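Let's take a walk through a protein model together. Keep the 3D view open and click along as you read.

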Amino acid sequence: MIRFLTAGESHGKALTTIIEGFPSNLKIGIGYINFHLKRRQAGYGRGLRMKIETDTAGILSGIRFQKTLGSPISLMIKNKDWDNWVEKMTSDKRLAKVEKITIPRPGHADLVGISKYNFDDIRNSIERSSARETAARVAACSIARRFLEEFGISIGSFVESIGGVYPKSNFALNLFNNNLPKNFTGWSLSGQSDKSEVKALDKEHEEKIINKIKLAKKKGDTLGGTFYVVATGVPVGLGSFVHYDTRLDAEIARSVMSINAVKAVSIGTGFEAAEKFGSESHDEIILKGNALTRKTNRAGGIEGGISTGLPIVVRAAMKPIATLMSPIESVDLHTMQHVDARRERSDFVAVPACAVIAESMLAWSLAKYFIEKFGGDSIEETKDNYKSYTEKLNKRINKNFKKL
Ligand code: EPS
């Protein structure tokens with residue numbers, strides 16, 4: 001079983017993470033982790049903070065000569081902004097001049113946080129609920145992503161809409177119709193979308209989105225959006241229908257929904273499937289050579305909670321950032337008067353970053369079920385187990401049914 005924990009406040013000294021359960025001898029260099037950290041920082045519409053930080057991880061344990069040891073891996077990302085926050089965030093005594101925050105921002109964790117944890121300063125809620133934490137997740141999940149690459153599993157994403165601006169032709173249809181370029185991989189999607197400041201797949205769409213973001217900025221407002229995350233090369237058989245908590249779709253929904261500001265997750269055609277006839281929704285089973293597969297992929301690569309071998313297609317929706325420069329109404333908890341919500345430095349849009357984080361969380365969920373199925377203390381052992389299963393899969397089906 002793999003697991004990870006993250007620790008760290010948004011304006012604290014650093015973020016840290018401990019990752020456990022990966023086999024030994026997996027090759028991974030710090031450059032790989034930092035590459036994905038940099039991807040998470042990109043995107044038109046981010047705030048000033050991203051100009052301060054250049055997220056780079058340091059490896060504290062678990063990796064020697066660029067190979068995992070099988071022991072817990074710990075990583076640290078220092079917050080450059082810490083220098084400006086020492087007095088406000090010190091673990092030592094509060095100085096009298098450090099202001100307490102008393103006006104909660106609607107849509108943020110401010111009010112629920114002080115209610116639940118009995119705080120007298122909203123800063124205590126802001127810090128850990130901040131999406132800064134997702135930097136540590138991306139670092140941790142890059143181990144999972146690297147691991148999956150060893151088995152030809154590739155993950156990428158693109159932004160479908162920001163502020164309701166959709167593309168003229170939606171690439172998602174190609175995914176559902178199984179009408180994909182010959183050497184299509186999940187990563188090839190990111191190869192294309194990473195070239196765009198808003199992770200859009202075409203220039204016209206990008207321009208329209210940027211105009212919408214400019215409008216939001218001008219109004220002191222924020223935007224959310226939708227994005228797709230796709231994994232290719234996933235073998236048949238990850239996850240199971242035997243229990244509610246072993247289904248791959250449920251696992252993925254949980255991990256993507258856990259990302260700050262994500263309010264909806266669907267697999268395959270999702271909500272649209274509910275409007276169709278069964279004959280328009282399901283994927284006909286066909287023979288390709290002597291392998292069984294599906295004509296289309298409306299199911300998004302999962303049937304009965306188990307991966308089908310077709311691309312895993314996840315769509316998610318992120319709500320607009322909750323910190324507004326032209327704020328909506330709130331209550332000052334000190335005076336108990338109606339006031340404008342507090343302005344804080346923040347992003348206007350973070351949907352492209354959210355897509356990268358979702359890639360990471362999807363990598364984690366797939367690695368979790370992959371390791372559960374194939375096990376192994378070293379990567380060599382995992383590969384042997386994987387090979388034996390995949391090579392015999394079709395032979396077993398043929399043999400079992402020929403006997404009838
Ligand atoms: C965030 C507020 C902003 C974002 C932050 C998430 O930070 P700050 O308050 O320091 O300006 O930039 O995101 C990150 C720091 C990051 O690394 O993604 C929030 O309130 O959630």
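## Two loop residues out in the open

M336 sits in the loop between strand 15 (329–332) and strand 16 (337–340). Helices (H or I, at least four residues) and strands (E, at least two) are DSSP runs, numbered from the N terminus. Is M336 buried or exposed? With a relative accessible area of 57%, M336 is exposed. The cut-offs are these: buried means under 20% relative accessible area, exposed over 50%, and partly exposed in between (1.4 Å probe, protein chains only). The phi angle of M336 is near 55°, a positive value in a residue other than glycine.

F65 also has a positive phi, near 50°, and is not a glycine either. Look for F65 in the loop between strand 4 (63–64) and strand 5 (67–68). Its relative accessible area is 69%, so F65 counts as exposed.

## A word on the model

This is a predicted model, where local features need pLDDT of at least 70 and side-chain atom pairs count only at pLDDT 80 or more, while totals for chains, interfaces and linings use all residues. Residues are numbered from 1 along each chain as its sequence is written, and side-chain values use heavy atoms, with hydrogens and water left out.

## Around the ligand

Which residues surround the ligand? They are H11, R40, R46, R49, M50, H108, S130, A131, R132, R345, S346 and D347.

Now zoom in on some oxygen atoms of the ligand. A polar side-chain atom of R40 is 2.6 Å from a ligand oxygen, one of R49 is 2.8 Å from a ligand oxygen, and one of D347 is 3.5 Å from a ligand oxygen. Taken alone, the ligand exposes 470 Å², and the protein buries 93% of that. Accessible areas come from the Shrake-Rupley method with a 1.4 Å probe; for residues, only the protein chains shown count as cover.

## S130, one of the ligand's neighbours

S130, part of the ligand's surroundings, lies in the loop between helix 5 (123–129) and helix 6. Its relative accessible area is 16%, so S130 is buried. Not counting residues up to four places away in sequence, S130 touches S10 and N260; contact means heavy atoms within 4.5 Å.

Along the chain, S130 and N260 are 130 residues apart, yet their C-alpha atoms are 7.8 Å apart in space. The side chains of S130 and S10 make a polar contact at 3.3 Å. A polar contact is a pair of N or O atoms within 3.5 Å; within protein, one must be able to donate a hydrogen and the other to accept it, and residues adjacent in sequence count only if both atoms are side-chain atoms.

## The nonpolar cores

Time to look inside. A nonpolar core is a set of buried Ala, Val, Leu, Ile, Met, Phe, Trp, Tyr and Cys residues joined through side-chain atoms within 4.5 Å. The largest one has 77 residues, and F22, F147 and L366 touch the most other members. Which helix gives the most to this core? That's helix 12 (residues 351–374), with 15 residues. Another core, of ten residues, lies apart from it, and its members include F171, F176, Y228 and V313.

What does F22 touch, leaving aside its neighbours within four places in sequence? F22 is in contact with I2, G70, I143, A144, F147, W364, A367 and I371.

K368 lies in helix 12. At 18% relative accessibility, K368 counts as buried. Sequence neighbours within four places aside, its contacts are M1, I2 and E251. R146 belongs to helix 6 (residues 133–149) and is buried too, at 14% relative accessibility.

T54 lies in the loop between helix 2 (49–52) and strand 3 (57–61). With a relative accessible area of 48%, T54 is partly exposed. Beyond residues up to four places away in sequence, T54 touches Q41 and K80, and a polar contact of 2.6 Å joins the side chains of T54 and K80.

Technical notes
Near = heavy atom within 4 Å.
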